[in-house]
Every structure is written in C-alpha cells, then in structure tokens.
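Here are my notes for a first reading. Please keep the sequence and the model open beside them.

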Amino acid sequence: MENEEKSEFIKCPFCGKLNYSSLVRCTCGYYFKEESYKSYRKNQDDIEDYNRKTDKMLKHFSMERFLLKTGIIGGILIMLVSCTWFYLAYESNRFYIYPPILFVIGLIALMKGIISRIKKKKTDL
Ligand SMILES: [Zn+2]
C-alpha cells in the first residue's frame, strides 16, 4: 500500500519537489525522462529552425514589400524596368523568372497608389 502511494509521486532531483509520476516535467523545468527531454529539445530546435527560416524569408522579401509602397509613379517605373529587363533577356534568348514577378509587384503598387489617391480625394471633399 505504501509502495503504491510512493510510486504515484516522483521527487525532482533538481529542486526536490514532489510531483505526480504521470508528469514528465517538474514545475522547475526538469524533465524526469530523458526521452521526453530529448523530444522537447527536438521541438525547440524545430521551432528555432522554423523561426530562423521565416526570419530569412522576411528579410528576403523586404525589398518587395518596400516596392509595394512606392505608389503610382514607382509602380509604373517598376513595370518599365521589368519590361526592359524581360526584353533584354528575351533578346539574348534567356528567360528570367524575376521580371514577371517584378511586373506584378509594379502593377499592385500602381493599383495601391491609385486606390489610396481615390481614398484621399474622397476624404478631401
Ligand atoms: Zn523540480
């Protein structure tokens, strides 16, 4: 009877607190089982890895996000640049994936610029 009661609890070797043996982790953060700590570490590593990747991605797309805010003139310029780029690449029998993307970005920037201008006019009236 006494043994059964004892097995329900597990003493944390780190802080000395009694915990239910069903728990894998003490409130102080100590893991009672090595494999659960390992899986915890793996999850943490996965999270860190994911965060690092998304961070990189955000940095990679920061120029595009900046270009999206350039407005009407910026949008037209971006489209002109992308067309020129595409044409030059086409002339030398090459194809780049970036000019069409840039063209779309320019188009969105242009539309955003037009929309914000319309909104501004409405508030001015
Ligand atoms: Zn503890």
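1. How many of the 27 residues of helix 2 are buried? The number is zero, so helix 2 lies largely in the open. Helix 2 covers residues 34–60. From its first C-alpha to its last, helix 2 reaches 38 Å, close to the 39 Å expected at 1.5 Å a residue.

2. Confidence should be read alongside the geometry, as this is a predicted model. The average pLDDT of the protein chain is 85, and 94% of the residues score at least 70. Helix 4 (residues 71–91) has the highest confidence, at 91, while helix 1 (residues 2–8) has the lowest, at a mean of 55. The pLDDT is below 50 over residues 1–5. That stretch has zero contacts in the model beyond near neighbours in sequence.

3. Which residues form the largest nonpolar core? There are five: Ile78, Leu102, Ile105, Ala109 and Leu110. Four residues of this core come from helix 5 (residues 98–124), which gives the most to it. As a general point, nonpolar side chains tend to be buried together in soluble globular proteins.

4. Ala109, one of the core residues, has contacts that can be listed once its neighbours within four places in sequence are left aside. They are Leu67, Leu68, Thr70, Gly71, Gly74, Gly75 and Ile78.

5. Is Gly75 buried or exposed? Gly75 is placed in helix 4, and it counts as buried because it has 22 C-beta neighbours inside 10 Å, where 20 or more are required. Leaving aside neighbours within four places in sequence, Gly75 is in contact with Thr70, Gly106, Leu107, Ala109, Leu110 and Gly113. Gly75 and Met111 are 36 residues apart in sequence, yet their C-alpha atoms are 8.1 Å apart in space.

6. Asn93 deserves a separate look. Its place is in the loop between helix 4 and helix 5. The phi of Asn93 is near 55 degrees, a positive value in a residue other than glycine. Asn93 counts as exposed because it has 6 C-beta neighbours inside 10 Å, and the cut-off for exposed is 12 or fewer.

Notes. Residues are numbered from 1 along each chain as its sequence is written. This is a predicted model: local features need pLDDT of at least 70, side-chain atom pairs count only at pLDDT 80 or more; totals for chains, interfaces and linings use all residues. pLDDT is the predictor's confidence in each residue, from 0 to 100. Helices (H or I, at least four residues) and strands (E, at least two) are DSSP runs, numbered from the N terminus. Two residues are in contact if their C-beta atoms, placed from the backbone, lie within 7 Å. A nonpolar core is a set of buried Ala, Val, Leu, Ile, Met, Phe, Trp, Tyr and Cys residues joined through C-beta atoms within 7 Å. The expected span of a helix is 1.5 Å times one less than its number of residues.
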